Amino acid sequence: MTILIAACTPIARSQSAATAATPDSGPAPIVTTAFSYTGEVVGDVAGGARRGATYAGAAAAQITVALRRIVGWSGLELFVFVLDTHGGAPSDRVGDVQGVSNLQAPERLRLEELWLQQNVFGNRLSVLAGRYDLNSEFYRLQSAGLFVNSSFGIGPELAQSGAAGPSIFPNTSVGARVALKPSPNVVLRVAVLDGVPVDRAHGIARLFAPGDGALLVGEAAILERPDSGDASHNPRFRVGRGVARSYTGKIAIGAWYYTARFPDLADTLSTGEAVQHRGSRGAYVIADRIFWSAKNGGPASLSAFAQLGLGDSRVNRIGGYAGGGFTFTAPMARRPRDELGLAIASARTGSHYERLQIASGAGASSETTVELTYLAPFGSWLAVQPDLQYVRHPGNAPGARYALVPGLRVALSH
């Protein structure tokens with residue numbers, strides 16, 4: 001299924017093209033395609049920066065080429081992802097920092113991903129190089145993917161780090177990723193990417209420009225899946241893009257580091273210039289688990305997830321983040337694929353940015369959002385998702401104590 005609606009970002013779950021052409025999957029086609037369109041209306045009906053509604057949309061096209069079928073090189077595939085984003089910016093009306101819509105992006109047609117992946121040793125080792133969305137594998141939780149708020153896809157302490165953010169939607173970088181699965185339940189990943197995304201200001205595209213530095217990310221995850229069988233053929237040993245499968249439990253710890261230099265947000269030299277820091281770092285812990293399932297193999301289940309992240313308070317606005325929530329699958333027996341979710345995301349400003357706020361007489365040092373959402377698929381090609389968010393102390397609207405934000409998202413896929 002290629003439904004962007006429940007994505008961490010609009011591209012995070014749209015990987016069916018890559019999934020369809022995995023090694024050892026039998027007579028898969030040489031070229032696999034997937035197309036989708038997601039549109040939503042988001043409104044600020046109370047509080048916030050200004051009242052009104054905004055439309056945002058994203059059209060996506062993906063192509064996976066099984067190069068092993070062409071050149072006879074086992075485990076090699078090419079992935080191309082083109083994305084067009086258009087419409088307004090819901091957060092401009094709400095005035096929030098975290099992002100009430102994970103569809104919000106500049107109006108532009110872009111090449112979002114273009115990479116080659118080589119899987120070896122029975123898919124236990126995967127090497128990927130090219131333009132790559134970090135959030136497609138790192139800082140990623142199954143249950144959190146239901147929600148619309150951007151923080152449930154990737155914490156704002158990482159999403160808003162660096163000079164222009166890491167390599168995630170809507171602006172990715174070029175680099176390489178290595179993934180290893182030493183046992184059926186353990187996944188180790190490391191990535192090295194350009195410290196600044198490809199698309200720069202004024203429509204300029206650059207790669208590894210002077211001063212960019214590099215972004216280094218590592219993650220170790222422990223997963224629980226109900227699979228069993230001979231280990232030599234067990235899909236639990238597979239790793240890499242295109243072989244992602246559902247799990248019943250996951251816990252992961254990750255860390256990131258930028259090698260470039262960054263100006264301090266508050267501290268200055270005697271000349272009045274900002275103190276420069278070599279490098280910027282952070283870490284996160286995420287967990288997800290299905291803790292109740294219906295008896296007799298019924299589709300109903302209840303899962304919970306949690307996120308905790310620490311950023312670099314010296315150079316980043318967001319110093320810390322905590323989030324979590326619940327997802328109820330099949331809340332109605334007649335609709336086994338529906339999902340109901342309730343979650344909370346709280347981002348706290350870093351100590352150096354907070355000093356600037358105090359000096360200027362600004363308001364609260366944290367922003368908290370509660371989201372209630374319901375996903376209703378209709379067939380394999382349509383999904384509708386009403387959504388309601390309450391934002392306490394929107395970070396970019398100092399005069400607002402809260403914002404009430406309803407929304408409706410519709411996704412089409414083929």
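Predicted model: local features only at pLDDT ≥ 70, side-chain atom pairs only at ≥ 80, totals over all residues.
How do the residues of the lining of the largest cavity divide into nonpolar, polar and charged?

Residues are numbered from 1 along each chain as its sequence is written, and side-chain values use heavy atoms, with hydrogens and water left out.

The protein chain holds 5 helices and 17 strands; these are DSSP runs numbered from the N terminus, H or I of at least four residues for helices and E of at least two for strands. Of its 414 residues, 51% are buried, meaning under 20% relative accessible area with a 1.4 Å probe, protein chains only.

Strand 15 (residues 366–378) runs antiparallel to strand 16 (residues 382–392), with 9 bridges joining them; two strands pair if DSSP finds at least two bridges between them. They form a hairpin with 3 residues between the strands, and Gly379 in the turn has a positive phi of about 70°. Ala376 stands opposite Val384 in strand 16. On to strand 17 (residues 402–413), which is antiparallel to strand 16 and joined to it by 11 bridges. There, Gln389 has Val405 as its bridge partner.

Now, back to the cavity. A cavity here is a set of points on a 1 Å grid over the protein atoms alone where a 1.4 Å probe fits but cannot get out, and lining residues have an atom within 4 Å of a point.

Among the lining residues are Glu40, Val100, Gln389, Val405 and Arg409. Strand 17 gives the largest share, 5 residues. So, my opening question: the lining has 6 nonpolar, 3 polar and 3 charged residues, where Ala, Val, Leu, Ile, Met, Phe, Trp, Tyr, Cys and Pro count as nonpolar, Asp, Glu, Lys and Arg as charged, and the others, Gly among them, as polar.

Finally, the cores. The largest nonpolar core has 50 residues, and Tyr139 and Trp256 are among those with the most contacts inside it. A second, separate core of 6 residues includes Val100 and Val405. Each core is a set of buried Ala, Val, Leu, Ile, Met, Phe, Trp, Tyr and Cys residues joined through side-chain atoms within 4.5 Å.

Methods
1 Å grid on protein atoms, 1.4 Å probe; cavity = no way out; pocket = protein on both sides within 12 Å on 5 of 7 lines; lining within 4 Å.
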